[in-house]
Amino acid sequence: MQSWPAPDVPALPGRGPALRLYDTADRQVRPVSPGKTATMYVCGITPYDATHLGHAATYLAFDLIHRLWLDAGHDVTYVQNVTDVDDPLFERADRDGVDWRQLGAEQVELFAADMTALRVLPPQHYVAATEAITEVIELVEKMVAAGAAYVVDGEYPDVYYRADATAWFGYESGYDRATMLELFGERGGDPDRAGKTDPLDALLWRAARPGEPSWPSPFGAGRPGWHVECTAIALSRIGTGLDIQGGGSDLVFPHHEFSAAHGECVTGERRFARHYVHAGMIGLDGHKMSKSRGNLVLVSKLREQGVEPAVIRLGLLAGHYRSDRFWDETTLADAQARLARWRTAVALPAGPAADDVVARLRRYLADDLDTVKALAALDGWVADAVEYGGHDTVAPALVATAVDALLGVRL
């Protein structure tokens, strides 16, 4: 697939500090230690609906990581998938009376437009599940050969992964079995599927059903399970030694737990990724944002209403990326006012010296993406510039460059 166009990222003088991030598996903030090339796999969309603020918040968090790596002097290999063959897509297409391929293509195009507007740096490898069928089949074959997977007998010979194929399964989420079973059933799993060895065993290859798309394989015609597509794409585009596997916090289990386990059982590595990074959820006016509640705030709708994408970006960055938080009219108004103040300050002919605020911006962001402190530091410089002025003629431009390079907001 073609990724969206990359925005320009200006270079700042010097280098930013090494990045530290909270690791879900270790339950603590610790250094991220990539080599010259930093690698990151972030789960993409299932293209059956438009980009909402929860999606945007997740991709903004990983955009910050991307930008900080660039600022620290790393090259970056970033991979993202699109789950363009899955039940929710088929169900929405049937409901709307359109071909599932058409619906998927339209939503991918809209997502790309939203990411472009938000100035999110694109992945170098943007891969649809339907483009990775060969890699999925090869990976499933390896798991079956290793005894980590099996075929369920019956009318539909689906292939399942054994949850106990690795002795350390569950280390990423840290959940007990009861919690795993509950979340597995809520988030796309099938614990009651007859013929499985264990209710937690996860689908790898879904045998062809009437009316569903399918591809030939050694196990019979069918299509990929959800978790294995990400493993296959990550291994084929990055390989082992992934620096970050990321996504929203709702993906910790079962999706990331299983996709990591799939990779570990065939590579023999203890950890699929060195860091597991997850962004919090976004609610609206005190309620969880969900399709069933009908309270999704869509990026495209905000844009249609005339809300500048930089405002959306600042509104989402006003909270810490790992926090579950809410969007409301106050969030929007505060972001609009902040953007206006910042633009006023950087348009001045001179201002207070900016070396310290840029250093603080870098330091706060490198400390587990602390955007709350980062924005407050910039607010302080802006207040001084507007109220007291200054004599440094290069300071306003330096601040504008730093905000663009590190926060992705063009002033």
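R193 and D158 form a salt bridge whose closest N and O atoms are 2.7 Å apart; the term denotes a side-chain nitrogen of Lys or Arg within 4 Å of a carboxyl oxygen of Asp or Glu. The pair links distant parts of the chain, 35 residues apart: R193 lies in the loop between α5 (177-186) and β8 (202-207), and D158 in the loop between β6 (149-151) and β7 (159-161). Helices (H or I, at least four residues) and strands (E, at least two) are DSSP runs numbered from the N terminus. R193 is partly exposed, with a relative accessible area of 23%, whereas D158 counts as buried at 2%. Here buried means under 20% relative accessible area, exposed over 50%, and partly exposed in between, with a 1.4 Å probe and protein chains only.

The model is predicted, so local features need pLDDT of at least 70 and side-chain atom pairs count only at pLDDT 80 or more, while totals for chains, interfaces and linings use all residues. Residues are numbered from 1 along each chain as its sequence is written, and side-chain values use heavy atoms, leaving out hydrogens and water.

By the salt-bridge rule, the count comes to 28. In one of these, D404 pairs with R119, and the closest N and O atoms are 3.0 Å apart. D404 belongs to helix α13 and R119 to the loop between α3 (100-117) and β5 (125-128), so this pair ties together parts that are 285 residues apart in sequence. Both D404 and R119 are buried. Another salt bridge joins E212 to R206, with the closest N and O atoms 2.9 Å apart; R206 is buried, at 19% relative accessible area. Through shared partners, salt bridges also join D23, D26, R30 and R271 into one network.

Attention now turns to the nonpolar cores. Such a core is a set of buried Ala, Val, Leu, Ile, Met, Phe, Trp, Tyr and Cys residues joined through side-chain atoms within 4.5 Å. The largest has 78 residues, of which L21, L53, I65, W69, L316, W381 and L407 touch the most other members. Helix α1 gives the most to this core, with 11 residues. A second, separate core has 26 residues, including I133, I137, L183 and F184. Leaving aside residues up to four places away in sequence, L407 touches L64, R313, L317, W342, L361, L365, L375, L378 and A402, where contact means heavy atoms within 4.5 Å.

Two of those partners, L361 and L365, are among the buried residues of helix α11, together with V357, V358, R362, Y364 and A366. The cover over these buried residues includes β1 (20-23), α1 (53-71), α12 (371-388) and α13 (395-407). Helix α11 covers residues 355-366, and its 12 residues reach 17 Å from the first C-alpha to the last, close to the expected 16 Å; that expectation is 1.5 Å times one less than the number of residues. Just after α11, D368 takes a positive phi of about 60°.

On the scale of the whole protein chain, the secondary structure comes to 13 helices and 14 strands. The C-alpha trace spans about 80 × 45 × 35 Å along its principal axes. Of the 411 residues, 55% count as buried. Among contacts with a separation of 6 or more, 79% are accounted for by residues 24 or more positions apart.
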